[in-house]
Structures are given as C-alpha cells and as structure tokens.
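Dear colleague,

Please find below the structure I am handing over to you, followed by an account of how its secondary structure elements are arranged. I would be grateful if you could read the account alongside the coordinates.

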Amino acid sequence: MTHNDIVQKLWNLCDVLRDDGINYSDYVTELVLLLFIKMVHEKTEAGTLKKHPLPKGCRWENLRDKDGIPLLNDYKRILLALSTGKDVWGKTIHQDPLITAIYADAHTRLREPRHLRQLVKALDGIDWYSIQEDGLGDLYEGLLEKNANETKSGAGQYFTPRALINSMVRCLQPQQGELIQDPAAGTAGFLIAADHYIKSQTDDLFNLTEKQAEFQRTKAFTGVELVPNTRRLALMNCMLHGMDGGDSGVVHLGNALGAKGAGLPAADMILANPPFGTSKGGEASITRDDLTYDTSNKQLAFLQHIYRNLKPGGRAGVVLPDNVLFEAGVGTSVRADLMNKCNLHTILRLPTGIFYAHGVKTNVLFFNKGSATDPRQEENSTQQVWVYDLRTNMPSFGKRTPFTEDHLKPFEAVYGEKSDGSSPRTEGEWSFSDAEKAQNAETSRWRCFSREWIRDQKGDSLDISWLKDDSSVDASTLPKPDVLAQTAITELQAALKDLQGLLKALG
C-alpha cells in the first residue's frame, strides 16, 4: 500500500465513527486517540523508539485481542489513565507530563463496542511495515491534511500547504543551535519541517556535546497553539517525528496575543501562518500591552509580535492575507514600523486556491531584524523590497490541479542561496519555459522596488502588482450596455426554452 492509500484507508474509518453518531468535526480527534496508541506500538516494535512512552496496561496489546463491552470499558480506562496519570481507583499509572498533555481531557464518544472493534481490527490490518521508511509521522500528517481539505472547518484555521512550508524552510535555512518559533503553531507543520531540514543538512548532530544535544531536544523548537484539540494533534505529530520539547512538549497551550506570547524568549527564526480574522471572532482576544499599535486585526497583531520577538539579525517567514499589505490606518503604521526595524527584503505573492478556503489571497513576507549591515538598526532598515508574483496568470489550483513544490522552484532560484536574502539578484530573471521568458522587468514575475518608491508612490502599501492579468476583461473593448443587456436576454430566453422542453419530456 502506498502512503496515500493508507491515508485514504484511515480517513474511510470516519464512516465507522459517523455510524456511532460522532460529528464530522470530531472525526480526526476521535480517530487519533486510538491511532496514536497504535503508531507508538509500531515505532517501538521497529526500534525507532528506544523506550515505550505509554505505561503498561495502556498499550496496543491491551486492546488488540478484546471485544464487546470489555474492549470499550478498557479503552475508556486507558484514556482516563493516560489523561490523569491515575487509574479509576486513584493509583498512579504514569508521571509523564507530555503524555498527560497529549491526552488531556481525552474521552471517547463511541457507544457501540462493535464500532470500536471495527477500528481496532482495521488499524491492525494495515501493513505498517511497508511505511516505516516513509515515517509514521508523515502518515499522521497526511491524515491531518486530509482532514483540513475535507472538513472545510473555516474559523480562520487553514492548513498551510506542505509545498509552501518546505519552500519557506529551504529559503530560511534553519541551523542547529538556533531557537525557532511558531506563535500560531496549528499542528506544528513549520516546526517539524525545520527540524527535518536541520537533520537532513548535517551529520554534526551526532557529534553534539551533551548540553547542545539537550538544547536541540528540549528547547530548539517552540510553538504556541490556542485550541486544546489542535495542540493535542501537534504534540502527537511532534512525538511521531522524533521531537521531544521536554516536559511541556514542543507546542504550548496558550494565546500568543496574550501573556503566553509576551513571555516567549527572542528567537533566531520565526515561521508562521497566523489565523485569519479579527479578535472579535470569539477566538484569541488581543490582550498584549507591549505591542505599539492597538488593533483588532489578528494578523497585524501577530506581525508586530513576530518582528518584535526576533533577535537582532534574526529572520522570519510569515504567511499573511492581502489586507495586511494594504489596510490603512494602523496597518500603514505597522508596515512602516516593520520596514524601519527590519529589512523586508522579499515578498512572495501566492496564487489563489492553494488554501482550501476558496478565494483567500495570501503572501509570504521574508524579513530580518535590523538592516543588511547592522542587525541592531531600528530606523530605515529596509532599503529595497523584491517582489515575486506567483499569482497573476497562474492556474486555478485545487484538487484537480494541485499546488506542488515545482511551482515554487523558480522563486527559490531567484531568492538565492543566502537565507537573509542578500544573494545577488537581477530583475527579469525566471520563466516557467523559454516561450514565457521575460524580455524586461515589467513583464517579469521578479521585480525590485525602493523604499522611497513604496513610501512616496504607494503610501507604504505593500500590495504591489504590475503584470497584466490575461483573464481580466478590458472594459474599453466591451460592447455598449444595451447590446450586453440584449445578449443576456437572448441567452436567458434560450435557457428558459431548454428547461420548458426538459419539463415536457419529463411529463
């Protein structure tokens, strides 16, 4: 079975949960409570985990051969023990704070023992050995992505495309020994990708001192997530990818726009895709009193937190919707402050449709704390901004036309080899094919704009575009309004006649 086959098989198990009256939005949470126990069993059997993280009596073998009421009762007992560390009689079962955090308030809504037996039998029937090479963590992440694409849950919670995450990480090049953060961690995709990049780029991790190894294991990566169930998924995701995070785990529960965010140490690198929306939406209220510009716009608040929380010389890659680039008032002040305190060297205009919420237009801002020559500079740090337009005249991405890493390779090529954006750059570079090769800067996807031009010509708006959209309609070439109206009437009359003919045929 391929990776995608198994992800689909796991997703199909949601039909069993539906039969037990479990809501669509609760499918993955319910499924992963059981799936995690199975995956830990498989990683331990394969020798990937040196020590079984779950206490005796709370492991897969304690469920596998049972059936009926005893199976359901034992599963409830296991969830209680993992959640509280104690059994039903109050006896201590384990004292692992990370396992307690993963299973915090965990309970099953399954009522029918036969449905639980179906799930156990199905998970046992998967050929786990065949996917050990790809990694159970990647399989788990595939399930999370499937959930994001299928449930359309909205509420500002968007699953960042894996291709985009990997591209941003390759551009910013995280290094061993750096403190890397995501204040809107979700299921920890950015942090896991950064860890994977570090491990894939160097063999020096095997030669670390004890102190360095401890830092890498417990302190190198920190995320903040507001929603408890999402944090649970993130902690499981990190553990399955071999990331520890110490007693509190890699991803902490809390509000980055509140006390939790204010208490984060300064970071060498921040990667984030902050949730869309305003603080009036009933989710994260903005309670920070250390942000210069008061706003109800969560992205503007997150952006302030991110560029303020970088160490001098620290770098960031942040996904932000279009409104952050052009919103007036506080938005203008925040952008000006960003360009004063940081070198905003690159903006990537992303195509529409790559997030599952239809029509969301987003960008990636790449910036470093301080100027290119002085990491402690706090005025006029940005001298020029390079913009790459990956939006205009691009395909309509979706399930039939997936957005892949191949679409981002040209951008990575012009971004350059240096993570701070200081590689030599030339306007007019890039094309998907020789036939599309740009003849000059105005028809290229890659252009440079001075700080003065942005201030004087754009009023500090960063919503910069120059390419002509081939799909747009030129109003000067349209017929007169009365001709358009008559054409519309003719087409509607023809459609009405077709419908009347259909009704007649149907009797």
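For the helix packing described here, axes are lines fitted to C-alpha atoms over the stretch in contact, and angles run from 0 to 180 degrees between N-to-C directions. Please note that this is a predicted model.

With that convention, helix H4 (residues 68-84) packs against helix H6 (residues 113-124) at an angle of about 75 degrees, and their axes lie 8 Å apart. H4 is therefore roughly perpendicular to H6, since angles of 65 to 115 degrees fall in that class. On the H4 side the contact comprises Gly68, Ile69, Leu71, Leu72 and Tyr75, which meet Pro113, Leu116 and Arg117 of H6. Sorted by class, the residues in this contact of H4 with H6 are six nonpolar, one polar and one charged.

The second topic is the sheet. It is open and mixed in its pairing, with nine strands in the order E3-E2-E1-E4-E5-E7-E6-E8-E9. Strand E3 (251-253) and strand E9 (446-450) are at the edges and have a single partner strand each, so one side of each lacks a neighbour in the sheet. From one strand to the next, the twist averages 20 degrees.

Within the sheet, strands E6 (residues 342-349) and E7 (residues 362-369) run antiparallel and are joined by seven bridges. Leucine 348 is placed opposite valine 364 in E7.

Helix H11 (residues 228-240) packs on the sheet, where it touches strand E2 (221-225) and E3. The direction of H11 makes about 160 degrees with that of E3.

Yours sincerely

Definitions and conventions. Residues numbered from 1 in each chain as written. Predicted model: local features only at pLDDT ≥ 70, side-chain atom pairs only at ≥ 80, totals over all residues. Heavy atoms only, no water. Pairing = 2+ DSSP bridges. Helix = DSSP H or I, 4+ residues; strand = E, 2+ residues; numbered from the N terminus. Contact = heavy atoms within 4.5 Å. Parallel < 35°, antiparallel > 145°, perpendicular 65-115°, else oblique. Nonpolar A, V, L, I, M, F, W, Y, C, P; charged D, E, K, R; others polar.
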